[in-house]
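Let's walk through a structure together and ask what stands behind each label.

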Amino acid sequence: MRVSVITFPGSNCDRDTQRAFSERGHTSNLVWHKDRDLQNPDLVVLPGGFSYGDYLRCGSLARFSPIVNEVVAFAESGGLVLGICNGFQILTECDLLPGSLLMNSGLTFICQHQYIRVESANTPFTRNIPVGRVLDIPIAHKEGNFFIDPERLKSLQDNDQIIFRYCDRDGAATSEANPNGSLDNIAGICNIQRNVLGMMPHPERASTEGVVSRDGREIFAAIEDHFDSSR
Amino acid sequence: MLQAKIFIRLKPNVLDPQGKAVSNSLHQLGYVKVVETRVSKYIEISFDDDNEQAVEEQVQKICADLLANPNTENFTYTIEKMGTV
């Protein structure tokens, strides 16, 4: 699989993400935000970090980087796009995903292990993962509080676009298990075509040797599974 | 020269945790009559242009395209001549 990880000024999870894929045997490239060539990827990843210093609103200025036009065109032609943390924020700002990520309800930056529940296996990113499966994937953000108007929340629910919810160890999506105040405990959503996924937790921080949780591997394995089956 | 003074406010139905924290602090300071605080953004943009209509058209577009997130924020603005009181 060919993976292109976009580096914006202020990205800081780009190398971790690149490494997570290259260790799994993929051709994993960093693509600079001013480039206009995505390098023929099978998957584009918008990594975590603080693109443009989070100025104005998180992700709002990254939308104007030249490469983002290519990412949007790639997504609109059916290409797989994964946005992690700041990448999720960027995807909402360029309207590839609905909703917004607001400041955490507790006002603090949260960096911790977090349980999330897989809500749908009907995406290339969760293919063959049992629905209800609880994954331990770290979060690290201050603006992860997912917000959307009631009408479009219902549309997300009705169209099976909520892919991950914050939960406790046993898989209960309670308000106590919600770290940041996200509506409906939402940790990740996909678009209606199901080829674009945004998630606040960092699967690349739960995949390499020597870290506490390697549950992120299940998401990468699902993507590989999808890729192998579509060839 | 004209200057746009732009307010970006969270929509009324969007929770404002910052505002809530400020309210709590004000209560601790003894301002017990404070019932709500909303934190907004204020932005000034100066234009090398004296045509108010042309500037207003640009400001409207700037706010809608970049400064405000239509999902969560409303914007209002005034346009004033610079250097006047």
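What follows is a set of questions and answers on the terms used for this predicted model.

Residues are numbered from 1 along each chain as its sequence is written, while chains are lettered from A and ligands numbered from 1 in the order in which they are written. Since the model is predicted, local features need pLDDT of at least 70 and side-chain atom pairs count only at pLDDT 80 or more, whereas totals for chains, interfaces and linings use all residues.

Q: What makes the pattern of chain B β-α-β-α-β?
A: Helices are DSSP runs of H or I with at least four residues, strands are runs of E with at least two, and both are numbered from the N terminus. Chain B has 2 helices and 3 strands, and reading along the sequence gives β-α-β-α-β.

Q: How do you know that β1(B) pairs with β2(B)?
A: Two strands pair if DSSP finds at least two bridges between them. Strand β1 (residues 2-10) of chain B has 7 bridges to strand β2 (residues 41-47) of chain B, so they count as paired, and they run antiparallel. One of the bridges puts Q3(B) with S46(B).

Q: What joins β1(B) to β3(B)?
A: Here 9 bridges link β1(B) to strand β3 (residues 73-81) of chain B, again in the antiparallel sense. L10(B) faces E73(B) across this pair.

Q: How does the radius of gyration of chain B stand against that of a compact globule?
A: The radius is taken over C-alpha atoms, and the globule rule is 2.2 Å times the number of residues to the power 0.38. For 85 residues the rule gives a value near 12 Å, but chain B has 16 Å. The C-alpha trace of chain B spans about 50 × 30 × 15 Å along its principal axes.

Q: What makes residues of chain B and chain A count as in contact?
A: Their C-beta atoms, placed from the backbone, must lie within 7 Å. By that rule 8 residues of chain B touch 10 residues of chain A. Helix α1 (residues 17-28) of chain B gives the largest share of the chain B side, 3 residues.

Q: Why is β11(A) called largely enclosed?
A: A residue is buried if 20 or more other C-beta atoms lie within 10 Å of its own, exposed if 12 or fewer, and partly exposed in between, with C-beta atoms placed from the backbone. In strand β11 (residues 162-166) of chain A, 5 of the 5 residues are buried, so the rest of the structure largely encloses this strand. By the same definition, 14% of the 85 residues of chain B count as buried.

Q: What are the neighbours of β11(A)?
A: β7(A) pairs with β11(A) in the antiparallel sense over 3 bridges, with I116(A) partnered by Y166(A). Strand β12 (residues 186-190) of chain A also pairs with β11(A) in the antiparallel sense over 3 bridges, and R165(A) stands opposite I186(A) there.

Q: Why are β2(A) and β8(A) called edge strands?
A: The open sheet of 9 strands runs β2-β1-β3-β4-β13-β12-β11-β7-β8 (chain A), with mixed pairing. Within it, β2 (27-32) and β8 (134-136) of chain A each pair on one side only.

Methods. Two residues are in contact if their C-beta atoms, placed from the backbone, lie within 7 Å.
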